[in-house]
Amino acid sequence: MSGREAGTREAGNGAEPGAAAASHAAGIAPEVLEEVAAEIGTPAYVYDGRALDAGVRRWTEAVPPEDILYSVKANSNLSVLRRLASHGIGLEAGTWGEYARARRSGVPSDRVTLGGVPKDETTVRSVLKAGVGLAVFQAEGEVEAAARHADPGRPTPAGVRVLPGIRAGAHPSLETGAADAKFGFAPDEVPAVWRRLAETPGLEPTTLAVHLGSGLDDAAPYVTALDLLLDVAGELGGHGPAVRALDVGGGLGVDYEAGDAEGDPDPGELARRLRRRMEERAGEEAPRLRFEPGRSVCARAGVVLTRVQYGRERGGRPALVCDAGYSDFPRHVLYGAHHDIGPIRGEGRGPADVAVLGPTCESGDVLGVGRSLHGVEADDLLVVRDAGAYGFVMASNYNSRPRPPEVLVDGDDWRPIRDRESLDDLWRGETKHLLDD
Ligand SMILES: Cc1ncc(COP(=O)(O)O)c(C=O)c1O
């Protein structure tokens, strides 16, 4: 299966097959990366604006923009959101914070969907009050919270997330549609929920939603999920208004093992397969088909720029210790994900046995293993590629390391879109609690 995170964690510094180093970050000139490193330092996240545009366009060429809801969790930088939304697409926000980011980036409330992820009452209340294009509910408590806070004078379109019982996703942590997953209502629970929404002043059920998981490389599970949604929609007659939209979620993967997007799962192919199925089953009465892509939009557009601190050999294995680590980019550690790592100019060379390590105080602080990076020395700049999705958003302050800055590049121009955190950022909210004794 292409587009996979490794299904199991890779152990320590063992060699990783097929791990040839890439030369530099696609779309971002080495000179620009050098300038960024010189002016704002490393580590830094660097995004290629044109690659972000290309990532959206792969979707807008296949699906009307109003039916695409970019999933904010993948990369929620305000400037990135604004850039992506400039293509006319909507945004899917799973939390109050993501909703607030979507709005702060300039996207109007009717283009934001509150996604079908677990939400507390404060989130439901705040979002309904602020206004939202669609609110998807996935648990009883959320529906009841919505009933308490919905405004009959300004009805909110509502969706129900269905748990399809389909196992799909590139890593066990990323499977969200299996029968034992915590998300959504079982199909036989949906009619009662739909009726409850229909009977609640201020809520208008319109949409059935699923999200199967992340890192899918194949349309087949989506077709199965669509069939299920159509079955459920068919059973809702008499329980409230007809279903107007089916939202098949996000999840389309990226082939991290390949150096470019050429072999990535194709949104166009996915949209065509699902539309064909919809026509076969629902004909002219077919509901709208909506998508919530995250990773497939922005993963290819970003790199982590890092400087090698020093090289060393341990137990006969060469390693490079860099100034970016798993607190900056945890995907290898969390999912065993493979990302190309290479010098900003030229190719890495030699046997694929070099480990790329971070600076924090854990042996498990690994960015990648088994790389052809002989000849790379202290002070050299490396890029960890395809880091535009689930990168910065998953960074932490472990070891009291300020989180890195983010930069947006357009050709030869670049500008910071988030500052490196300062020491004050590190202890914000703590100093006022310091005792004087
Ligand atoms: C409800 C929902 N929609 C969309 C997405 C985006 O998924 P991906 O980035 O894999 O496309 C997620 C990711 O977890 C999600 O939970």
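Student: What makes Lys73 and Glu92 a salt bridge?

Tutor: This is a predicted model. In it, the closest N and O atoms of Lys73 and Glu92 are 3.1 Å apart. The cut-off is within 4 Å, between a side-chain nitrogen of Lys or Arg and a carboxyl oxygen of Asp or Glu. So Lys73 and Glu92 form a salt bridge. The pair links distant parts of the chain, 19 residues apart. Lys73 sits in the loop between strand 2 and helix 3. Glu92 belongs to strand 3.

Student: Why is Glu92 called buried?

Tutor: Glu92 has 1% relative accessibility. Buried means under 20%. Therefore Glu92 counts as buried.

Student: And why is Lys73 called partly exposed?

Tutor: The relative accessible area of Lys73 is 27%. Partly exposed lies between the 20% limit for buried and the 50% limit for exposed. So Lys73 is partly exposed.

Student: How do you know that Arg288 and Glu66 meet in a salt bridge?

Tutor: Their N to O distance is 3.5 Å. The limit is within 4 Å, so the pair qualifies. Arg288 lies in strand 9, and Glu66 in the loop between helix 2 and strand 2, so the pair ties together parts that are 222 residues apart in sequence.

Student: Are Arg288 and Glu66 buried or partly exposed?

Tutor: Arg288 has a relative accessible area of 42%. Glu66 has 47% relative accessibility. Exposed needs over 50% and buried under 20%. So Arg288 is partly exposed, and so is Glu66.

Student: What makes Asp340 and Arg385 a salt bridge?

Tutor: Their side chains meet at 3.9 Å, N to O. That is within 4 Å, so the pair counts. Asp340 and Arg385 are 45 residues apart, each in a loop.

Student: Why are Asp340 and Arg385 called buried?

Tutor: Asp340 has 5% relative accessibility. Arg385 has a relative accessible area of 7%. The cut-off is under 20%, so Asp340 is buried and Arg385 is buried.

Student: How many salt bridges are there in the whole structure?

Tutor: A search finds 26.

Terms used. Residues numbered from 1 in each chain as written. Predicted model: local features only at pLDDT ≥ 70, side-chain atom pairs only at ≥ 80, totals over all residues. Heavy atoms only, no water. Helix = DSSP H or I, 4+ residues; strand = E, 2+ residues; numbered from the N terminus. Buried < 20%, exposed > 50% of the residue type's maximum accessible area, 1.4 Å probe, protein only.
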